Amino acid sequence: MGTCVPNSAAKGVDWACNQYCGTTLLVGTDPARSQQCGTCILGVSNPWDCSNCITVTSGLSDAAAARTSCMTCLTATTIGGYACGECNKLATASARSACQACVAGGKGVWECTQPNAGRRLLRA
């Protein structure tokens, strides 16, 4: 766990490594996933968001890619942890990306997670 929270890390996140990144419930026995979790925790203000990324993407056929997308969303965008989790639990990479762009464009998370997110209804 020394690589999860180095000595230079701010106080207040040290508990998150053991509670989130060290638990087999979230990371199994995969050291790469544990390291990814630790990196995420160091890059966000709310460590729970990182564990949420692991949880919401775990059942997807491309779980590793979805988890990476979710954690990148947390650390590289300003749409927030809730939106990152909701968008990245969608079934396809294109849907996840479209959802994030939709939320970043100012629409609500619920609207952006719907199958026709961002599309306008054409009226006759």
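**View 1. Lys89 and Glu86 join their side chains in a salt bridge, with N and O 3.1 Å apart.** A salt bridge here is a side-chain nitrogen of Lys or Arg within 4 Å of a carboxyl oxygen of Asp or Glu. This is a predicted model, in which local features need pLDDT of at least 70 and side-chain atom pairs count only at pLDDT 80 or more, while totals for chains, interfaces and linings use all residues. Residues are numbered from 1 along each chain as its sequence is written, and side-chain values use heavy atoms, leaving out hydrogens and water. Lys89 is partly exposed because its relative accessible area is 37%, whereas Glu86 is buried at 18%. (Buried means under 20% relative accessible area, exposed over 50%, and partly exposed in between, with a 1.4 Å probe and protein chains only.)

**View 2. Asp62 and Arg96 form another salt bridge, their closest N and O atoms lying 2.4 Å apart.** This pair links distant parts of the chain, 34 residues apart: Asp62 sits in the loop between helix 4 (47-57) and helix 5, and Arg96 in helix 7. Helices are DSSP runs of H or I with at least four residues, numbered from the N terminus. Asp62 counts as partly exposed at 24% relative accessibility, but Arg96 has 2% and so counts as buried.

**View 3. Helix 6 and helix 7 pack with their axes 8 Å apart, at an angle of about 150 degrees.** Axes are lines fitted to C-alpha atoms, for helices over the stretch in contact, and angles run from 0 to 180 degrees between N-to-C directions. The two helices are therefore roughly antiparallel, a label for angles over 145 degrees. Ala83, Cys87 and Asn88 in helix 6 meet Arg96, Cys99, Gln100 and Val103 in helix 7. Contact means heavy atoms within 4.5 Å.

**View 4. Helix 5 (residues 63-76) and helix 6 have axes that come within 9 Å and cross at roughly 160 degrees.** This pair is therefore roughly antiparallel too. On the helix 5 side, Ala66, Ser69, Cys70, Cys73 and Leu74 take part, meeting Gly81, Cys84, Gly85 and Asn88 of helix 6.

**View 5. Leu90 lies in the loop between helix 6 (81-88) and helix 7 (93-104).** With a relative accessible area of 18%, Leu90 is buried. Beyond its neighbours within four places in sequence, Leu90 is in contact with Leu60, Ala95, Arg96, Cys99 and Thr113. The C-alpha atoms of Leu90 and Gln114 are 9.4 Å apart, though 24 residues separate them along the chain.

Conventions
Angles under 35 degrees count as roughly parallel, over 145 as roughly antiparallel, 65 to 115 as roughly perpendicular and the rest as oblique.
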